[in-house]
Amino acid sequence: MVRVVTAGHVNWDVTLRVDALPVPDGEARITSQRRSGGGSAANVSVALSRMDVSTGLVGSVGTDEHGLLVRRELKAEGVDCEHVLEVEGKETTTKYLIVDEAGELMVLGNDGANEAVSPDDVNEAYVQNAEHLHLTSQRPDSAAELARIATEAGVPVSFDPGRRLTDRDFSRALAYSDIVFLNDREAKTLLDEDLEHPSSELHGRVVVIKHGSDGARVDTTKGVYTHPGFGVKSVDTTGAGDAFAAGFITTFLDSADYERALEFANACGALASMAPGARTAPTKELVGRFLDEQFSGDAKQG
């Protein structure tokens, strides 16, 4: 049995660092290349495992070499891959992450084996026996089925729908979700322009809005909590949002304290952004030392 089940995309990432993001009909110089596992669900599962939370993954990969490498990396990180499907005749989904010197990125990708998990493939007992279910972008019908099973079993559900929110109907999964993670652009899709009033799909849910380097906020029925973030030198924002989500879930599982979870999550995102790659989420001990240093610095300044 695992404490948290994550479900969604499992990718092979090719990260290209460039001197600047190219404009239409433009060209950029590649300064470095990096290849490793990626995908939001896989990234969150690794980040949770590094924070000493037992984690299992629901997703799909191909039977190619990349699929083998992805599973090997995940298992080495302590992630349970029993429910990661291997799809015959399909390539593992590959994403090309183009990152500029400021850490901003653009993404190119193919469909590959991602989203092979259908509602019929979901193992109900695996979800029901967990303490928490975290969903990322995936087939809307599968997300809805996973969320339904968890909710009916009394397992809390969090959902980070990601950049494809605008062209996919996740309304059923959102209806079952207890916590929804959004960035500013995604929030404007589901909330009023002032970001103050949730739409009917999010009414009564905890909404976590990530502002990147400007921190984040949590909207709840009991009030709004904000945190300004941490002033760090960002190298690569790839995976920072996944580290943020893992940090929030980790803290909330043990404390149910929104302010503490928000602070810890921002620290996770900041630390992840300080190194290249999508799998740079820190350990719980590293986050603790980082926060101690921040508080120590604030005390000296005071």
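**Reading a predicted model against its definitions**

Colleague: What makes β3-β2-β6-β7 the order of an open sheet?

Modeller: In this predicted model, four strands form an open sheet in the order β3-β2-β6-β7, with mixed pairing; strands are DSSP runs of E of at least two residues, helices are runs of H or I of at least four, both numbered from the N terminus, and two strands pair if DSSP finds at least two bridges between them. β3 (30-38) and β7 (105-109) each have a single partner strand, so they stand at the edges, with one side of each left without a neighbour in the sheet. Residues are numbered from 1 along each chain as its sequence is written. Local features need pLDDT of at least 70, side-chain atom pairs count only at pLDDT 80 or more, and totals for chains, interfaces and linings use all residues, while side-chain values use heavy atoms, leaving out hydrogens and water.

Colleague: How do you know that β2 and β6 pair?

Modeller: Strand β2 (residues 11-18) and strand β6 (residues 94-99) are joined in the parallel sense over six bridges, and because at least two bridges are required, they count as paired. Within this pairing, W12 stands opposite T94 in β6.

Colleague: Why is T250 called buried?

Modeller: Buried means under 20% relative accessible area, exposed over 50%, and partly exposed in between, with a 1.4 Å probe and protein chains only; T250 has 2% relative accessibility and therefore counts as buried. T250 is found in helix α7 (residues 240-255) and, leaving aside residues up to four places away in sequence, touches L48, M51, V53 and K284, where contact means heavy atoms within 4.5 Å.

Colleague: What makes helix α1 mostly covered?

Modeller: In α1 (residues 40-50), nine of the eleven residues are buried, among them A41, V44 and L48. What covers these buried residues includes β1 (4-7), β3, β4 (55-62), α2, β8 (132-136) and α7. Just after α1, D52 takes a positive phi of about 70 degrees.

Colleague: Which strands are the edges of the nine-strand sheet?

Modeller: The open sheet of nine strands has the order β5-β4-β1-β8-β9-β10-β11-β12-β13, with mixed pairing, and its edge strands are β5 (80-87) and β13 (223-227), each of which pairs on one side only.

Colleague: Where does pLDDT stay under 50?

Modeller: pLDDT, the predictor's confidence in each residue from 0 to 100, stays under 50 over residues 193-200, for which the model has 14 contacts beyond four places in sequence. Where pLDDT is low, predicted coordinates should not be read in detail. For the chain, the mean pLDDT is 89, and 94% of its residues reach 70 or more.
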